[in-house]
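Hi,

Have it open while you read, and write back with any questions.

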Amino acid sequence: MAKKSSNQPRNVAQKLIESHLLSGMMVEGDEIGLKIDQTLTQDATGTLVMLELEAMGLDQVKTELSAQYVDHNLLQTDNRNPDDHLFLRSACEKFGVWFSPPGSGVSHPVHMERFGKPGKTIIGSDSHTCAAGSLGMLAMGAGGLAVAMAMTGEPFYLKMPKIMGVKLTGRLPDWVSAKDVILEMLRRHGVKGGSGRIIEYYGPGLKALSAMDRHVIANMGQEMGHTATVFPADDAVRDFLEQQKRGDDFQTLEADRGASYDEYDEIDLGKLEPLIALPSSPGKVVPVREVAGESIYQAYIGSSANPGLRDFAVPAMMVKGRQTHDRVSFDINPTSRQILENLTELGHLRDLLGAGARLHQTGCNGCIGMGQAPATDQISLRTVPRNFPGRSGTAEDKVCLCSPETATASALTGVITDPRDLDMDYPVFDASRTFYVADRNIRPPAQHPELTMVEKGPNISSLPQFEGLPDSLELPVLLKTGDDVSTDEILPAGADVLPYRSNIPAISEFTFTRIDPSYPERAKKYRDSGSMIVGGDNYGQGSSREHAALTPRYLGVRVVLAQSYARIHWENLCNFGILPLSFTGKNDYEDIEQGDELALEGLHEALDSGKEITARNRRTGKRYKLDHNLSHRQIRMILKGGLLNVMRESLAS
């Protein structure tokens, strides 16, 4: 039963959760079920979501609004990506989903322009769905299967998080922008600092941050491993929605006077300076001045992490009448059709091109490794949200994360440059000069439940079915990883891999290849008998792509044993019937070697009764006590072989 309303002052996150609570108690660590108003899918993950809806026999989605975007896999070097675009379009017609075709833009800013509403909940099969928290929404990334369940009207389940309140004071100085705010949070708290937390920003410093500034901060909260980032819906949100001709969608949503938080932090915006995250982690943040002078190859403006008009207009004003360095590839990636048309109308696009910029299509592009790969052993400055190893498409890349101001200053000089050192005044962006553009290419739900078939190209295969968890397992440790292993390292993104997103047998050939190229061939020997992975701290950080759980399961992984997990990947493991276990002994992780064989017995009774799970190392004879922290719902899923099997049984009955 959901917890009833309290008379205690509520912060914004508590109000959002309480108004959507369907089950559970708002007690830290307890599982809660939330009503979901909106869903977001993109093409790298949406194909599986649509196949899952088809497998469940859905006729029409049950949410207030669901939208499908094509923004990741835009390179059409053969038939696979365009075939999937047609598949997604036809699936949207069948299930009643908005469809944003190639060229309309990156999902998160487009959703903010067209559909975001204060007070609503949204989950998306993209980890940066959290960007919608900028509008006063409870916005979370999730695995595709969890999103598919929400589209059928089912609750979204998660552990009740702590709420960290971050008070903002002061005003950003010249040459410092919203990207530097979230980089400061990463500098302080690292890539694990948001784990188990909603981060809520409040305080007088908000008055000088636009809704799109807040989008930058909310988007990269994911790089801290958070559950969500929340901003109030105040005058800045009203201004944004009125600019988008959606003023009627606004409602005020602010913390009550006297509201409190579980944890606190404070940032004086006026004391911030330009920051940069060095290769190859968003948490490796230092002041730009400390690394100034290093030669660069690429400066990249755009992505869901810096998608606003000002993020392109300020660089355009910086380079107007100037020429970028002849060694630098100055890449401009407009984030929506609306942004591109505004840049054109206001003359900013002409100034960028005149300075030597390379214009790319509206979409994720190089952020997800779809083109724009940097040269060997060359530094690439990017305004993207993450710089995991090899994500750019170049194996040993040197990608740094920074603000548009820092990237543009460096493009002009050819070396990493603190923009405060430029001989120019800081350009003032006049938001009042913008105009509204309605992208008529985004198609509303066609409402054709009578369609029994969707368009499927030859690259789309049926989803594999998995058996339930045996009572006992003897599993070889096929791979042992270190800390902070990302989903990009479990299953790479990029132009070579993502076109197989609808073909699990084919895409499984890339599993763990960034860590051990021999893994897929070794794993195939144990597809039937099973294997396991041993991981360090924060296992599975990064993307929400459920392929990073699905392909290991397809190759036979039955158990992952790690020191701790990133939230979304932990949920995805459960959804596909992989048992995620955690060490309790301080030195047990160090004791296990790749190639060891671990025996687990009495799993069913231990899971059902909450008893301790033990594993015995057949090489050393040592026993390890293990935790699982699973809810009864998740235990049932894993015993049945995954959430799809549970839903099939439910629908059959």
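What share of the contacts in the protein chain with a separation of 6 or more comes from residues 24 or more positions apart? The figure is 77%. Please keep in mind that this is a predicted model.

**The chain as a whole**

The protein chain has 21 helices and 26 strands. Along the principal axes, its C-alpha atoms fill a box of roughly 70 × 50 × 50 Å. A compact globule of 653 residues would have a radius of gyration near 26 Å, and the 24 Å found for the protein chain agrees with that. Of the 653 residues, 64% are buried. The accessible surface comes to about 23000 Å², and carbon and sulfur atoms account for 45% of it.

I would start with helix H17 (567-575). Nine of its nine residues are buried, so H17 is largely enclosed by the rest of the structure. For Cys574 the relative accessibility is 0%. After H17 comes Gly577, which has a positive phi, near 80°.

H17 also turns up in the surroundings of helix H21 (residues 643-652). In H21, the residues Leu643, Leu644, Asn645, Val646 and Met647 are buried. What do the buried residues of H21 pack against? Their partners are helix H2 (43-56), helix H5 (144-151), helix H17 and helix H20 (632-640).

**Aromatic rings**

A search of the whole structure turned up nine aromatic pairs. One of them joins Tyr202 and Tyr261: the ring centres are 5.0 Å apart and the planes are at 15°, so this pair is stacked. Tyr202 belongs to strand E10 (residues 197-202), while Tyr261 is in the loop between helix H8 (235-243) and strand E12 (263-268), so the pair ties together parts that are 59 residues apart in sequence.

The cut-off for buried is under 20%.

Tyr261 has a further ring partner in Tyr264. Here the centres are 5.8 Å apart and the planes are at 90°, so the pair is edge-to-face. Through these ring pairs, Tyr202, Tyr261 and Tyr264 are linked into a cluster.

Some charged side chains sit over rings too. Lys480 has its charged end over the ring of Tyr589, at 4.3 Å from the centre. Arg527 lies over the face of Tyr554, with 4.0 Å to the ring centre.

**Cysteines**

How many disulfides are there? The count is zero. Take Cys92 as an example: the closest cysteine sulfur is that of Cys364, and at 16 Å from the Cys92 sulfur it is too far for a bond. The cut-off for a disulfide is 2.5 Å between the sulfur atoms. Cys92 is itself buried, with a relative accessible area of 2%.

Val399 is in strand E19 (residues 398-401) and counts as buried, at 3% relative accessibility. Which residues does Val399 contact, leaving aside its neighbours within four places in sequence? They are Ala277, Leu278, Pro279, Ser380, Arg382, Asn387 and Ser392. If you want a distance to check in your viewer, the C-alpha atoms of Val399 and Arg386 are separated by 8.8 Å, and these residues are 13 apart along the chain.

Ser486 is in a loop, between strand E20 (473-480) and helix H13 (487-490). Is Ser486 buried or exposed? At 0% relative accessibility, Ser486 counts as buried. Beyond its neighbours within four places in sequence, Ser486 is in contact with Phe388 and Gln541.

Happy to go through any of this with you on screen.

Best wishes

How values were computed:
Residues are numbered from 1 along each chain as its sequence is written. Side-chain values use heavy atoms; hydrogens and water are left out. Rings of Phe, Tyr and Trp (its six-membered ring) pair if their centres lie within 6.5 Å; planes under 30 degrees apart count as stacked, over 60 as edge-to-face and the rest as tilted. Helices (H or I, at least four residues) and strands (E, at least two) are DSSP runs, numbered from the N terminus. A charge sits over a ring if NZ of Lys or CZ of Arg is within 6 Å of the ring centre and within 35 degrees of the ring normal. Buried means under 20% relative accessible area, exposed over 50%, partly exposed in between (1.4 Å probe, protein chains only). The radius of gyration is taken over C-alpha atoms; the globule rule is 2.2 Å times the number of residues to the power 0.38. Contact means heavy atoms within 4.5 Å. Accessible areas come from the Shrake-Rupley method with a 1.4 Å probe; for residues, only the protein chains shown count as cover.
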